[in-house]
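Trainee: I am new to this structure. Please walk me through it, one feature at a time.

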Amino acid sequence: MGRSLLSQFLNLSNACPRFTSCSLSTKSQRAFPVIHRNYLPVAGGVSSHKCYCSVSAPEPTASESSSTSIKKRIVSGVQPTGSIHLGNYLGAIKNWVSLQDKYETLFFIVDLHAITLPYDVQQLSKATRDTAALYLACGVDTSKASVFVQSHVRAHVELMWLLSSATPIGWLNRMIQFKEKSRKAGDDNVGVALLTYPVLMASDILLYQSDLVPVGEDQKQHLELTRELAERVNHLYGGRKWKKLGGRGGSIFKVPEPLIPPAGARVMSLTDGLSKMSKSAPSDQSRINLLDSKDAIANKIKRCKTDSFPGLEFDNADRPECNNLLSVYQIITNKTKEEVALECRDMNWGSFKPILTDALIDHLHPIQKRYEEIMSDTGYLDQVLAEGASKAADIADVTLSNVYQAMGFLKR
């Protein structure tokens, strides 16, 4: 959903039992309006921006693939914040632009995840709209992809509750980030949502029958609880048990696999090359925000952490900041690693930083200009989100109806 689907998310334990896999059927409930007004993540809040969800129809056989135009479906999302940064963009959103040409794509703003820790109610709806506008400004094409708000599709919350009944509490108690966040905040300040957050994440992914989930290399384990939960539900309620209840039988959920982008999946902090670029970092100097001014970008690059080694090079473990800045330059200029290594090997930081600054400004300028155009036409953005939610609900309601049936509920 890291953290599309991806940006960060709870470190999910991979020490869980395994079972089977699958897909689903119909019943329509429609999107509902946002209840929350606005959002501003708290420093240290859970996973501010990670692309993580992704979904898809059952994978065709080799012969079917060659004779039909059926595409796998991918869904990914980022938490709402007006300060989407370079790490979110290069690690997730930029990759969506290429994915939308190869897959059926749905990209959503995960506003329900934004309330797991205290948040600014007066900022949530504004931040949600800002994030949606940035999706479009970064190149998400609504003729190819659906863009919607998580809370506008009721099925996300409904499926989460159903999955919660099948999730062993021990699985959630092992989540590393829950332990860390609850220890820092104190039990009296931590809501149940922080503990059950991974179940909602699983719902986001499984609701759309994911084949692949866009995640960074370091986030593979984040999918484990979702995979284990899909297999557990398939085992408990799928197959012949489901068929006896009038269903089609077989697997209820497909067990998703990670999709690792070739580059840019892990952008590091400007102040610490060993830490990921993050909205929760206390200093804004640690990140380039997509809407930063030219002067702000120049100042951040000028002051960013470097080293005293001669020349510039990739993949030296003693030079994490050097590797990070060269990687960023490589991606935003669309050059190969070899081209950048040759171009920069004899440079010093004084000559490289202005080049990187200019490349960043040139790359982000059209995004910033398009963002301003989109935000000036609220009717257009509202229409995009409404149409996206409607398309997503059509898919989600099929899955949800099958789960209700397989779990024995009275038909509506």
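**Reading the sheet and its helices**

Mentor: Start with two strands. Strand 2 and strand 3 (residues 145–149) pair in the parallel sense, over five bridges. Keep in mind that this is a predicted model.

Trainee: How should I read pairing in general, parallel or antiparallel?

Mentor: Strands of a sheet pair through backbone hydrogen bonds, and the pairing can be either parallel or antiparallel. Now the case here. Strand 1 (residues 73–78) runs parallel to strand 2, and six bridges join them.

Trainee: Which order do the three strands of the open sheet take?

Mentor: The order is 1-2-3, with parallel pairing. Strand 1 and strand 3 are the edge strands, each pairing on one side only. From one strand to the next, the twist averages 20 degrees.

Trainee: Which residue in strand 2 stands opposite Ile74?

Mentor: Thr105 does. Arg73 likewise has an opposite number in strand 2, Glu104. Now look towards strand 3. There, Phe107 has Val147 as its bridge partner, and Ile109 has Val149.

Trainee: Is strand 2 mostly covered or mostly open?

Mentor: Covered. Strand 2 spans residues 104–109, and five of its six residues are buried. In strand 3, five of its five residues are buried.

Trainee: Which residues of strand 3 lie on each side?

Mentor: Ala145, Val147 and Val149 are on one side, and Ser146 and Phe148 are on the other. Both faces of strand 3 are covered.

Trainee: What unit do strand 2, helix 3 and strand 3 make?

Mentor: They make a right-handed β-α-β unit. Helix 3 covers residues 124–137.

Trainee: Where do helix 2 and helix 3 lie on the sheet?

Mentor: Helix 2 (residues 86–102) lies across strand 1, strand 2 and strand 3. Its direction is at about 160 degrees to strand 1. Helix 3 also lies across strand 1, strand 2 and strand 3, running at about 150 degrees to strand 2.

Trainee: How do I describe two helices that pack together?

Mentor: Two packed helices are described by the angle between their axes and the distance between the axes.

Trainee: Which residues meet where helix 3 and helix 13 touch?

Mentor: From helix 3 come Arg129, Asp130, Ala133, Leu134, Leu136 and Ala137. They meet Ile367, Arg370, Tyr371, Ile374 and Met375 in helix 13.

Trainee: At what angle do the axes of helix 11 and helix 12 cross?

Mentor: At roughly 120 degrees, with the axes of helix 11 and helix 12 (residues 337–344) coming within 10 Å. Helix 11 is therefore oblique to helix 12. The contact is made by Leu326, Tyr329 and Gln330 of helix 11, with Lys337, Val340, Glu343 and Cys344 of helix 12. This crossing is right-handed.

Trainee: Let me zoom in on one residue. Why does Leu325 count as buried?

Mentor: Leu325 has 4% relative accessibility, so it counts as buried; the cut-off is under 20%. Leu325 sits in helix 11 (residues 320–333).

Trainee: Which residues is Leu325 in contact with, leaving aside its neighbours within four places in sequence?

Mentor: Leu270, Cys304, Lys305, Thr306, Trp349, Phe352 and Leu356. Met268 and Leu325 are 57 residues apart along the chain, and their C-alpha atoms are separated by 8.5 Å.

Trainee: One more helix. How many of the 10 residues of helix 4 are buried?

Mentor: Seven of the 10 are, so to read helix 4 (residues 155–164) is to read a mostly covered element. The buried residues are Ala155, His156, Glu158, Leu159, Met160, Leu162 and Leu163.

Trainee: What covers the buried residues of helix 4?

Mentor: The cover includes strand 2 and strand 3. It also includes helix 7 (192–206), helix 8 (224–237) and helix 14 (378–406).

Definitions and conventions:
Residues are numbered from 1 along each chain as its sequence is written. This is a predicted model: local features need pLDDT of at least 70, side-chain atom pairs count only at pLDDT 80 or more; totals for chains, interfaces and linings use all residues. Side-chain values use heavy atoms; hydrogens and water are left out. Buried means under 20% relative accessible area, exposed over 50%, partly exposed in between (1.4 Å probe, protein chains only). Helices (H or I, at least four residues) and strands (E, at least two) are DSSP runs, numbered from the N terminus. Two strands pair if DSSP finds at least two bridges between them. A crossover is right-handed if, with the strands pointing away from the viewer, the path from the first strand over the helix to the second runs clockwise. Contact means heavy atoms within 4.5 Å. Axes are lines fitted to C-alpha atoms, for helices over the stretch in contact, and angles run from 0 to 180 degrees between N-to-C directions. Angles under 35 degrees count as roughly parallel, over 145 as roughly antiparallel, 65 to 115 as roughly perpendicular and the rest as oblique. A crossing is left-handed if the near helix is turned anticlockwise from the far one by less than a right angle, and right-handed if clockwise.
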